[in-house]
Amino acid sequence: MDIRNKKLSDDEFYGIRKEILEQWPTGKDVDFDEAIEYHKSMPETKSFSRKLSAAKKERKTLIQPRAGVALIDEHIKLLQYLQDKGEADLLPTTIDSYTRQNRYEEAEVGIKESIHTQKSMLNGFPAVNHGVYGCRQIIENLDTPVQVRHGTPDARLLTEICYAGGFTSYEGGGISYNIPYAKDVPLERTIYDWQYVDRLTGIYEEAGVSINREPYGPLTGTLVPPSMSNAVAIIEALLAAEQGVKNVTVGYGQCGNLVQDVAALRVLEELTEEYLEKYGYEDVTVTSVLHQWMGGFPQDEAKAFAVISWGSSVAALAKATKVIVKTPHEAIGVPTMEANAQGLRCTKQAISLLADQELKSSALELEKAIIKGETCAIVDKTFELGMGDLALGVIRAVKAGVIDIPFAPSKYNFGKMLPARDHEGAVRYLNTAHVPLPQELIDFNRGKIEHRAKMEKRKASFQMVIDDVYAISKGRLVGKPK
């Protein structure tokens, strides 16, 4: 497959499009011109891009939950509750697992079973099966902008239906929705398929409809060094911009150390803007999102609220444009809508209390410098490997271990880099493997890990990684020996 970071031509795009829209019967209802008119008829208050841009200007942090069920009426009921009782500023539609794997026949069975049992038998909303007009029912029954959140390696048909259905924000990317999610999907395939998604977004933009795009920041959500997740987000933003995307939200998953997390979010937004400008994409609006703690949660609801508040504080102090909110039922399973709303209100209160406060310290500035140096080393090496072509470079970077995502299921991930926490809980590189950090940054990471080892009176080893993975279930951030 000949992959290049070049805007898809009309001939290439529309040649693919005909095939995509024939993958499931609801594809026939997608009419681009009619969809543009539909979007333009929607109130401006339902535009994700507009609301994010306004929040960035006001330095305000918006709150957004995760949510999705199988049937249209129940999904509307759920989102209305989160809008009205949870005080959500932005709303999601989380897609079910069958749709994420393009298994639409099985999603159809799930819909029928949900009708029969009167409860959702799918873990999300099967947007492809419900089609354009089913999606529009969601949009028309809400007052708040709605985003599609999923995890789909090949999301082309889903994108077509959701965009025509009136959704104004869309999560994912060719790296972040492959390596952390799929076992056996070549990166070349997903980079190419997501060029289609981004080009479709660009075509909507050119017709006067702005749709926000959001690379998935947390990746595997487990001990991902900030510079690794930041590098992936920046690369996906650049790939999207080449296809004509003009509104991008770059994301980051909370790692646990307050100073490091605030530094990482600030650097992420700053560096994304710098790289976009450097490579000629000067008219892209960049916003940021913090994902609250992606690891294990305590079963005790009171303790779960403490974890939620902890993430809310990071979002507020980093001045993230929005925060993806967890619930007090994370350890139990799918939350009730009441629990989901409680997580939202908890987050909103914490953010409100910290809204006028600034985090300033020499430790913060040092952490920003470290993360910036590491991130630039990864991104710049990726460009170098592609001889200036970022799409080609990222494929080579993943193969070479320049981009190496810890605990990823993909067989195409290099899988040799090892992270661990330092004594204060910041995520560092225990073993950089082929990640191309400058020697002074390798030494910095090694020094931090060695300091922890000394304090814990043990050797720096893989056991630290294991201990850190299980630490939160024991009520701690750092996995210390007994």
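Predicted model: local features only at pLDDT ≥ 70, side-chain atom pairs only at ≥ 80, totals over all residues.

Biologist: How much space lies in the largest pocket?

Modeller: On a 1 Å grid over the protein atoms alone, a pocket is an open set of points with protein on both sides within 12 Å along at least five of seven lines, while a cavity is a set where a 1.4 Å probe fits but cannot get out. Points are joined across faces, edges and corners, and a volume is the space filled by probe spheres set on them. For the largest pocket, that space is about 1100 Å³.

Biologist: Which element gives the most to the lining of the largest pocket?

Modeller: Lining residues have an atom within 4 Å of a point, and this pocket has 36 of them, with Ala67, Gly68, Asn123, Val334 and Pro335 nearest its centre. Helices (H or I, at least four residues) and strands (E, at least two) are DSSP runs, numbered from the N terminus. Two or more lining residues come from each of α4 (72-84), α5 (97-100) and α13 (337-354). With three residues, the top contributor is α4.

Biologist: Is Arg149 buried or exposed?

Modeller: Arg149 sits in strand β3 (residues 146-149). Its contacts (heavy atoms within 4.5 Å) include Gln64, Glu171, Tyr177 and Lys322, leaving aside residues up to four places away in sequence. Buried means under 20% relative accessible area, exposed over 50%, and partly exposed in between, with a 1.4 Å probe and protein chains only. Because its relative accessibility is 4%, Arg149 counts as buried.

Biologist: And how does Tyr181 count by relative accessibility?

Modeller: Tyr181 lies in the loop between β4 (169-171) and α9. Among the residues it touches, beyond four places in sequence, are Arg100, His150 and Pro409. Since its relative accessibility is 32%, Tyr181 counts as partly exposed.

Biologist: Which element gives the most to the lining of the largest cavity?

Modeller: There are two cavities of 30 Å³ or more, and the largest has a volume of about 90 Å³. Its lining includes Trp194, Asp198, Arg213 and Glu236. Both α9 (187-206) and α10 (226-242) supply at least two lining residues. With five residues, the top contributor is α9.

Biologist: What volume does the second largest cavity have?

Modeller: Glu367, Ile371, Arg428 and Tyr429 are among its lining residues. At least two lining residues each come from α14 (362-385) and β10 (427-431). The volume of the second largest cavity is about 40 Å³.

Terms used:
Residues numbered from 1 in each chain as written. Heavy atoms only, no water.
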